[in-house]
Amino acid sequence: MIWRDLSIAVRESGRRKTMHIVVERDGSLAVQVPQGFPVERILSILESRAYDVFGMLAKWKEAHRGATTHRYVEGELFPLAGRNYPIRFVSGQNVPVALVNNEFHLRQGDANPRESMKRFYRAIGRDRILKRMQVYAPKFNASPKKVQIRDMHTRWGSCTPEGVITYNWRCVLVPVFVMDYLIVHELTHLEHHRHSREFWNHVSVILPMFERAICWLQRNGIMTEI
Ligand SMILES: [Zn+2]
């Protein structure tokens, strides 16, 4: 069954008296329920425990961070804007990485493909984040003093009290609606430094659906290693 875009395995057991929610070894969700347990009941329990469920998923992601590191072999999938594209090793390409026909093309014999991919992501990240920022920046009274794109390991972005905004290039890996939220989040800090009620009100005026982005981030963990 599907709950909040998550597919959930339902297992009935004659021995169970109550519903039990588990995160499986592969990070997917499952519920163990008594025989004949109604679906509406499963959904309402999940809904009432949503906060805990997303906490469990985030914990799993955190614990399996190393396991999500990519291998540099043909066909391995790499994310961009919320989609995954396979890599191919090609010869005769004049740049280290190119996105061609929905594939990442790397050079055959590249001694450090991870570094090449990172550079590629950083460049494309800078480009797309700055472009997208131009859509949202005019909606704010304050403008950033400076915007920079960096390699950050634990945060998506930051904004100093002086108005210097830094974005993690990894913002380009997530779906565009999530990237939009990350961009708006830091821009909102230009006017509200803390995560106050006013801060969230302001975010919701610009992005009424921002909670969907937060849910996505909670489900998918903080960082994707490349
Ligand atoms: Zn913040």
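**A guided tour of the predicted model**

Of the 226 residues of the protein, 20% count as buried, where buried denotes 20 or more other C-beta atoms within 10 Å of a residue's own, exposed 12 or fewer, and partly exposed in between, with C-beta atoms placed from the backbone. The model is a predicted one, in which local features need pLDDT of at least 70 and side-chain atom pairs count only at pLDDT 80 or more, while totals for chains, interfaces and linings use all residues. Residues are numbered from 1 along each chain as its sequence is written.

**Whole chain**

Next, colour residues 2-63 as domain 1 and 112-224 as domain 2, bounds that come from an automatic or database domain assignment. Their C-alpha centres lie 31 Å apart. Seven residues of domain 1 are in contact with four residues of domain 2, contact meaning that C-beta atoms, placed from the backbone, lie within 7 Å. Select helix α2 (residues 50-63): five residues, the largest share of the side of domain 1 that touches domain 2, come from this helix.

Now select β1 (residues 2-3) and β2 (residues 6-13), which run antiparallel and are joined by two bridges; strands pair if DSSP finds at least two bridges between them. Trp3 has Leu6 of β2 as its bridge partner. The two strands form a hairpin with two residues between them, and Arg4 in the turn has a positive phi of about 50°.

**The largest nonpolar core**

Finally, display Cys171, Val172, Met179, Tyr181 and Leu182, the residues with the most contacts inside the largest nonpolar core, which has 31 residues. Such a core is a set of buried Ala, Val, Leu, Ile, Met, Phe, Trp, Tyr and Cys residues joined through C-beta atoms within 7 Å. Elements giving two or more residues to this core include α3 (113-136), β9 (146-150) and α4 (176-188); α4 gives the most, with seven residues. Centre on Leu182: leaving aside neighbours within four places in sequence, Leu182 is in contact with Trp156, Gly157 and Cys171.

Note on methods:
Two residues are in contact if their C-beta atoms, placed from the backbone, lie within 7 Å. Helices (H or I, at least four residues) and strands (E, at least two) are DSSP runs, numbered from the N terminus.
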